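Subject: Structure handover

Hi,

Here is the structure we talked about. My notes follow below it.

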Amino acid sequence: DGAGRTLVLVPQSAPTPKDVEPVRLVRTPVQRVAAYGFFDVATMRALGVLEDTLVGVTCPAAGWHIETVKQGMAGGKIAFLGDYNSIDFERLKQQQPELVLTWDHGIIPMLDELGIPCAITSTPTAMCLNARMRFVQFLAPFFHKEKEADAFFDRVNNALIAIRERTADAGPPPKVMWGDIYEKRVLVEPGNAWVGELVGLSQSDYLFDDVYGTSCIEIAVERFLYSGEEADILFTYRSKQDGATSKAALARMNPLFKDIRPFKQGKVFAPLPHYVQSGDRLDEILTEIAAILHPEVYRNYERRYFFELPDHDPQPEGLSKGERS
């Protein structure tokens, strides 16, 4: 797993190996799972096991856009276990998970004490495009869903082949940024992340291609602004719920935004609320990003995961010109 630990998967009916620690042994197919991350949950949906196996999450019901999870929480099958940094371990134990999927290394000792196996599903470096596509094949053996995982990989791979062919003769390559300026730090996607690789594959220039490290890596604000001087497109992390309703709204949060080119001559795109829970639609997401970068070869494409920020928020109806100003 992402912590470098070896987990031993043993069929439910097989005898227990004598040389394996109980917390490293996982009976398969796993029938009860608690999951921290949206991507883990979406991958379970891609494997077709979400409805039958998910019993615990770290996001409250109001934050979910996956209907299966919303219904499971309403019916009491899926429990809210608390925020990731304040897990209710009593509630977790009551749900009797056979496996916990998490990115939090700090929870391992407590889960070991409870006798609940866990798999760390993140690594210190951002997922490259190949890792993002193949993550489904990492989870598949836990559920005996290898064929479903291979089919998912093939679907995403075919989408990439189509993107490469369609953008091969596209217009001038746009210059792209993916990140945000926050109050005390600047976060971006590094060049080794899947989004950076996709931008390059789509015959475009990713301006943080020389940055390497984890997803949402911190860089100097000066570097962000320097790249922003030549960028054509910015993908922000923020959604409408986070205040990304217009370019002007983002500039009010941090005036430095107004000095970069996408706010003056280019375009800014923000994820729709369900985007982060749509990892099982990776082929569609990759295609949509390519369509944003090269609208000239994706004419009349209807976006489902991102929206383009207008220059200003719509004015409320019924206000006079003076009231609007």
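Is Phe 138 buried, partly exposed or exposed? Phe 138 is partly exposed, at a relative accessible area of 31%. Here buried means under 20% relative accessible area, exposed means over 50%, and partly exposed lies in between (1.4 Å probe, protein chains only).

First, the ground rules. This is a predicted model, so local features need pLDDT of at least 70 and side-chain atom pairs count only at pLDDT 80 or more, while totals for chains, interfaces and linings use all residues. Residues are numbered from 1 along each chain as its sequence is written, and side-chain values use heavy atoms, with hydrogens and water left out.

Overall picture

The protein has 13 helices and 14 strands. Both are DSSP runs numbered from the N terminus: helices are H or I with at least four residues, strands are E with at least two. The radius of gyration is 22 Å, close to the 20 Å that the globule rule gives for 325 residues, so the protein is as compact as a globular protein of that length. That radius is taken over C-alpha atoms, and the rule is 2.2 Å times the number of residues to the power 0.38. Along the principal axes, the C-alpha atoms fill a box of roughly 70 × 50 × 35 Å.

Of the 325 residues, 48% are buried. Take the contacts (heavy atoms within 4.5 Å) with a separation of 6 or more: residues 24 or more positions apart account for 62% of them.

Aromatic pairs

Rings of Phe, Tyr and Trp (its six-membered ring) pair if their centres lie within 6.5 Å; planes under 30 degrees apart are stacked, over 60 edge-to-face, the rest tilted. By this rule the count is 17 aromatic pairs. Phe 138 and Phe 142 have ring centres 5.9 Å apart and planes at 70°, so this pair is edge-to-face. Both sit in helix H6, 4 residues apart, about one turn of the helix. Phe 142 counts as buried, at 3% relative accessibility.

Trp 178 and Phe 235 form a stacked pair: 4.3 Å centre to centre, 15° between the planes. This pair links distant parts of the chain, with Trp 178 in strand S8 and Phe 235 in strand S12 (residues 233-235), 57 residues apart. Trp 178 and Phe 235 are both buried. Ring pairs also join them into a cluster with Trp 194, Phe 269, Tyr 275 and Phe 306.

Helix H8

H8 spans residues 194-201 and is mostly covered, with 6 of its 8 residues buried. The buried ones are Trp 194, Val 195, Gly 196, Leu 198, Val 199 and Leu 201. Their cover includes helices H6 (129-143), H7 (146-167) and H12 (282-293), plus strands S8 (175-181) and S10 (205-206). Gln 203 follows H8 and has a positive phi, near 55°.

Gln 12

Gln 12 is in the loop between strand S1 (8-11) and strand S2 (25-28). Gln 12 counts as partly exposed, at 36% relative accessibility. Its C-alpha atom is 5.5 Å from that of Thr 28, 16 residues apart along the chain. Leaving out residues up to four places away in sequence, Gln 12 touches Arg 27, Thr 28, Pro 29, Gln 31 and Glu 98.

Best wishes
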